[in-house]
Amino acid sequence: MATFYGEVLPVISRAVDDDDDDENDTPQIYSECLLHWSSIAQEKESIGSRLLKCQILIVAIGPSSMAFCEAFIFGGQETEVLGAFFTDQNEKTLNSFLQRSRTDKTCHLYQLKQRPEVIVCQCNIDVLPEQSYSWVNQLFSSLDTSQIYVAVLTVASMRDYKSEEVTTDLPSPFLRALKTKSFKGTPSCPYLEPPNTVAALPAQILTYCNLNMIAAVLYICYTDVMYLDSITIKTFKSILNVTPWRDVVMDLETAQQILTKILAEYSQQASLYI
């Protein structure tokens, strides 16, 4: 099985020397992500142990993973925004808490109203490797992880996949999985083979879960199409019959209707830039 790793770098890195003139400083790159909780989450935290109850945490990274969750997990049901992650301290960024468009660079935490024990993170921001440690620790330190299942979805380019076969001969897209020792289930696809690895946020999540004895599984969809398309999204459907997905999946017919709507809206949005 391939390994996963995460990086922890200094809190702030700068591209200029300290003795450079302040007026010529380049913008600072913050290694600390900012997790802002909504008033709803703060109210929930004020009750009991101040940890949010969570039995299933789903982290969808990138547009295709997010579209899959919106169709097959949300399924049109009501959600509450618990919080949002920000990767810089720009005032304009911090004021984007309520942005909900699929094309916005946002990272929101949602709770299903009918299933409050399920929290879904829809992440469409670029979390740098040096920011992933802060991202993961802020999130998990606020959750009750005593009975939690964690599932992570992400998409990677076929160019990043290492194989003895020529990658152009491989069927695309396809899934690979990694899991922590505490995850006793069997993933719905083959494990990621060495020498392949994962890095940045997915790796940091698995590393944290492994160290803290949390059941977690990562599914990576390798594809040669990096824009939103139905084939890549539907590749994730094979996971719906395994833990923890089978416990939260919505009606498949409704999900397909929502997915069709998402793709139509994306196509319309993309045509504006042609």
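Tutor: Before we look at this predicted model, one cut-off: a residue is buried when its relative accessible area is under 20%.

Student: Fine. What makes α2 largely enclosed by the rest of the structure?

Tutor: Count the buried residues: 10 of the 12 in α2 fall in that class, so the helix is largely enclosed. Among them are Met66, Phe68, Phe72 and Phe74.

Student: And what comes just after α2?

Tutor: Glycine 75, with a positive phi of about 55 degrees.

Student: Why is the pair of phenylalanine 74 and tyrosine 110 called edge-to-face?

Tutor: The structure holds 10 aromatic pairs. In this one the ring centres are 5.4 Å apart, and the cut-off for pairing is 6.5 Å.

Student: How do you know that the pair links distant parts of the chain?

Tutor: Phenylalanine 74 sits in helix α2, tyrosine 110 in strand β8, and they are 36 residues apart. As for other aromatics, Phe68 and Phe72 form one cluster with Phe236 and Trp245.

Student: What makes a polar contact between its side chain and lysine 162?

Tutor: The backbone nitrogen of lysine 162 lies 2.7 Å from a polar atom of that side chain, within the 3.5 Å limit.

Note on methods
Residues numbered from 1 in each chain as written. Predicted model: local features only at pLDDT ≥ 70, side-chain atom pairs only at ≥ 80, totals over all residues. Heavy atoms only, no water. Polar contact = N/O pair within 3.5 Å; in protein donor to acceptor, adjacent residues only side chain to side chain. Phe/Tyr/Trp six-rings, centres within 6.5 Å; stacked < 30°, edge-to-face > 60°. Helix = DSSP H or I, 4+ residues; strand = E, 2+ residues; numbered from the N terminus. Buried < 20%, exposed > 50% of the residue type's maximum accessible area, 1.4 Å probe, protein only.
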